[in-house]
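This report describes one protein chain, beginning with a single residue and its contacts and ending with the chain as a whole. Please keep the sequence and the model in view while reading.

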Amino acid sequence: SIMYIFAVALEDGRWHHVNSYTRERATRPGTVKLWQKIRTVEDPQWTQWYHDQDPNKKRFGGRVEILFKNGQKLVDELGVA
């Protein structure tokens, strides 16, 4: 799932198409705990950009908001990878 891939990338600083899916990697308690905290929420604006027929407006990325225990928030988005 995309939430698992995101958890691995947050912890490891990267994602690998094979190594990130080993049983040992996927069952780490910290990874599972983080994975369970990640959720996907649809944003109508991003959906509109995704379906736009104009290649200059079309977007395939997304937005991420990371909320820290101390109340700080990290927000970033990428329209095209």
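Leaving out residues up to four places away in sequence, Asp-76 touches Gly-62, Arg-63 and Val-64; contact means heavy atoms within 4.5 Å. The place of Asp-76 is strand β2, residues 73–78. Helices (H or I, at least four residues) and strands (E, at least two) are DSSP runs, numbered from the N terminus. Between Asp-76 and Gly-62 there are 8.6 Å in space, C-alpha to C-alpha, and the two are 14 residues apart in sequence.

This is a predicted model, in which local features need pLDDT of at least 70 and side-chain atom pairs count only at pLDDT 80 or more, while totals for chains, interfaces and linings use all residues. Residues are numbered from 1 along each chain as its sequence is written, and side-chain values use heavy atoms, with hydrogens and water left out.

Is Arg-25 buried or exposed? Arg-25 counts as buried because its relative accessibility is 4%; buried means under 20% relative accessible area, exposed over 50%, and partly exposed in between (1.4 Å probe, protein chains only). Arg-25 lies in helix α2, residues 23–26. Not counting residues up to four places away in sequence, Arg-25 touches Tyr-4, Val-8, Glu-11, Asp-12, Asn-19, Ser-20 and Thr-31.

Ile-5 belongs to helix α1. With a relative accessible area of 22%, Ile-5 is partly exposed. Beyond its neighbours within four places in sequence, Ile-5 is in contact with Trp-15 and Tyr-21.

Ala-81 sits in the segment after β2. Its relative accessible area is 98%, so Ala-81 is exposed.

| Pair | Separation in sequence | C-alpha distance |
|---|---|---|
| Ile-5 and His-16 | eleven residues | 9.1 Å |
| Ala-81 and Met-3 | 78 residues | 17 Å |

**The largest pocket**

Rolling a probe the size of a water molecule over the atoms shows where empty space is left. The largest pocket has a volume of about 1,100 Å³. Here a pocket is an open set of points on a 1 Å grid over the protein atoms alone, where a 1.4 Å probe fits, with protein on both sides within 12 Å along at least five of seven lines; lining residues have an atom within 4 Å of a point. Which residues are closest to the centre of the largest pocket? Of the 24 residues that line it, they are Phe-6, Ile-38, Arg-39, Val-64 and Glu-65.

At least two lining residues come from each of α1 (2–12), α3 (29–37) and β1 (62–67). By type, the lining holds 14 nonpolar, three polar and seven charged residues.

**The whole chain**

The protein chain has four helices and two strands, in the order α-α-α-α-β-β from the N terminus on. Its C-alpha trace spans about 45 × 35 × 20 Å along the principal axes. The radius of gyration of the chain is 15 Å, whereas a compact globule of 81 residues would have one near 12 Å; the value is taken over C-alpha atoms, and the globule rule is 2.2 Å times the number of residues to the power 0.38.

Of the 81 residues, 11% count as buried. The chain exposes about 6,800 Å², and carbon and sulfur atoms supply 55% of it. Among contacts between residues at least 6 apart in sequence, 25% join residues at least 24 apart.

Terms used. Points joined across faces, edges and corners; volume = space filled by probe spheres on them. Nonpolar A, V, L, I, M, F, W, Y, C, P; charged D, E, K, R; others polar. Areas by Shrake-Rupley, 256 points an atom, 1.4 Å probe, with all protein chains shown as cover.
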